[in-house]
Amino acid sequence: MNARSVILTGGAGYIGSHIAVLLIEAGYEVVIIDDFSNSSPAVIDRIEKLSGIRPQLVEQDLSVPDCVDGVSAALAGRGYAGVIHLAGLKAVGESVAQPGRYYRVNLGTTLNLLSIMEKIKCNNIVFSSSATVYGELNPPPVDESGKIGPTNPYGFSKLFNEQILADYAAANQGFQVINLRYFNPVGAHPSGLIGEDPKGIPNNLFPYIAQVAVGRREALNVFGDDYDTVDGTGVRDYIHVMDLAEGHLAALKFALEDHGGGVACFNLGCGRGYSVLEVVNAFAAASGKEIPVKVVGRRAGDIAEIVADAAQAEKILGWKTQRDLNQMCIDHWHWQEQNPDGFA
Ligand code: WQD
């Protein structure tokens with residue numbers, strides 16, 4: 001059976017939609033599983049507009065206990081090259097306030113997905129993991145052998161998922177897991193047709209700044225300027241979402257080369273960190289808009305600095321980032337300016 005179909009859980013989301021466009025352009029058939037809890041149905045139309053092909057949609061919350069049979073039936077009749085698993089909750093600060101919800105959703109989706117993969121006989125999974133598994137135990141830059149120590153329930157949920165997948169691969173000969181530890185995804189497709197549109201008040205820095213620039217928010221609250229960093233504000237390794245999407249296609253290609261199963265892990269980042277204030281200045285320059293800021297207290301669960309060593313992804317996957325901070329800001333602003341109210 002033609003194994004050119006790829007399942008994208010959370011595929012209507014920010015990162016998923018960018019991956020969907022690239023997968024379709026690469027000749028894959030895409031099946032999106034999404035419940036639109038943090039995304040909009042309009043994204044499916046935009047993916048079709050960009051790629052010329054409408055992905056199949058299975059509208060489902062994968063964390064719901066009894067969804068396995070229904071989803072498996074909806075997926076039957078195709079050969080699947082692999083699954084790219086993005087569905088989950090992803091805000092550090094929110095996870096500190098709602099740990100039960102984060103573990104229930106982020107672990108429940110993965111456990112159900114593994115049962116579905118068994119039923120549809122698919123043995124390849126690319127998992128959206130996170131740099132937050134490293135915590136602040138490693139001097140920057142951190143590579144994949146870095147000490148592991150999340151500082152918040154979001155990071156622990158990603159670490160627990162990595163463990164679940166590793167145990168599953170050990171028990172199922174030929175099952176291939178690729179963990180991609182994202183640093184900080186930002187930016188948007190150059191067309192401005194898809195981008196980051198979080199529901200409610202943005203948890204993350206870039207979408208918040210973009211909403212200040214477009215006039216939806218008054219000022220950016222800077223969560224602490226007393227960290228041991230270049231200017232006292234948090235330093236992160238921001239990665240353009242197009243680079244990140246390309247990294248997923250490189251990981252899928254690696255998984256399809258039949259390495260006999262097992263687990264591989266890659267950092268996806270630029271290897272360069274920027275502080276909150278450096279990002280504010282870069283975004284102001286790219287958008288031509290003033291970004292008022294107000295320094296407030298630290299956010300629970302935050303760390304001072306984390307920057308990727310992504311040499312392994314370059315060596316094994318032949319992937320490295322191509323876009324710099326200025327391009328991230330230009331593309332993020334282009335999306336926000338064209339869609340001031342998001343996908344509304
Ligand atoms: C970045 C910096 C904040 C908002 C993210 C994602 C998570 C994971 C890792 C993939 C920090 C500061 C933020 C604001 C601020 N990605 N900040 N004011 O916390 O690194 O985590 O990347 O797995 O999904 O959440 O990103 O954008 O929330 O924060 O000062 O209004 O900006 O303190 O230093 P974070 P972030």
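## Around the ligand

Let's start with the ligand's oxygen atoms: one of them is 2.8 Å from a polar backbone atom of Lys-90, a polar contact if you count N or O pairs within 3.5 Å (within protein, one atom must be able to donate a hydrogen and the other to accept it, and residues adjacent in sequence count only if both atoms are side-chain atoms). This is a predicted model, where local features need pLDDT of at least 70 and side-chain atom pairs count only at pLDDT 80 or more, while totals for chains, interfaces and linings use all residues. Residues are numbered from 1 along each chain as its sequence is written, and side-chain values use heavy atoms, with hydrogens and water left out.

Phe-223 also has a backbone N or O atom 2.9 Å from an oxygen atom of the ligand, and Asp-302 places a polar side-chain atom 2.7 Å from an oxygen atom of the ligand. There are 21 residues around the ligand, and Tyr-154, Leu-205, Asn-221, Arg-236 and Asp-302 come nearest (near means a heavy atom within 4 Å).

Asp-302 sits in the loop between strand E13 (293-296) and helix H10 (311-317); helices (H or I, at least four residues) and strands (E, at least two) are DSSP runs numbered from the N terminus. With a relative accessible area of 17%, Asp-302 is buried (buried is under 20%, exposed over 50%, partly exposed in between, using a 1.4 Å probe and protein chains only).

The side chain of Asp-302 makes a 3.0 Å polar contact with that of Arg-299. Skipping neighbours within four places in sequence, Asp-302 is in contact with Val-92, Phe-223, Tyr-227 and Arg-236, where contact means heavy atoms within 4.5 Å.

## Aromatic pairs

Rings of Phe, Tyr and Trp (its six-membered ring) pair if their centres lie within 6.5 Å; planes under 30 degrees apart are stacked, over 60 edge-to-face, and the rest tilted. That rule gives 9 aromatic pairs. Take Phe-156 and Phe-160: their centres are 5.8 Å apart and their planes at 40 degrees, so this pair is tilted. They are about one helical turn apart because 4 residues separate them in helix H6 (residues 153-171). Phe-156 is partly exposed at 29% relative accessibility, and Phe-160 is partly exposed at 35%.

Phe-254 and Phe-266 make an edge-to-face pair, 6.0 Å centre to centre with 85 degrees between the planes. This pair links distant parts of the chain, with Phe-254 in helix H8 (residues 241-255) and Phe-266 in strand E11 (residues 262-268), 12 residues apart. Both Phe-254 and Phe-266 are buried. Elsewhere, Phe-206, Tyr-238, Phe-283 and Trp-333 form one aromatic cluster.

## Nonpolar cores

A nonpolar core here is a set of buried Ala, Val, Leu, Ile, Met, Phe, Trp, Tyr and Cys residues joined through side-chain atoms within 4.5 Å. The largest has 69 residues, and Leu-8, Ile-19, Leu-23, Ile-178, Phe-206 and Phe-283 have the most contacts inside it. H8 supplies the largest share, 10 residues. A second, separate core has 24 residues, among them Tyr-80, Tyr-168, Ala-169 and Val-177.
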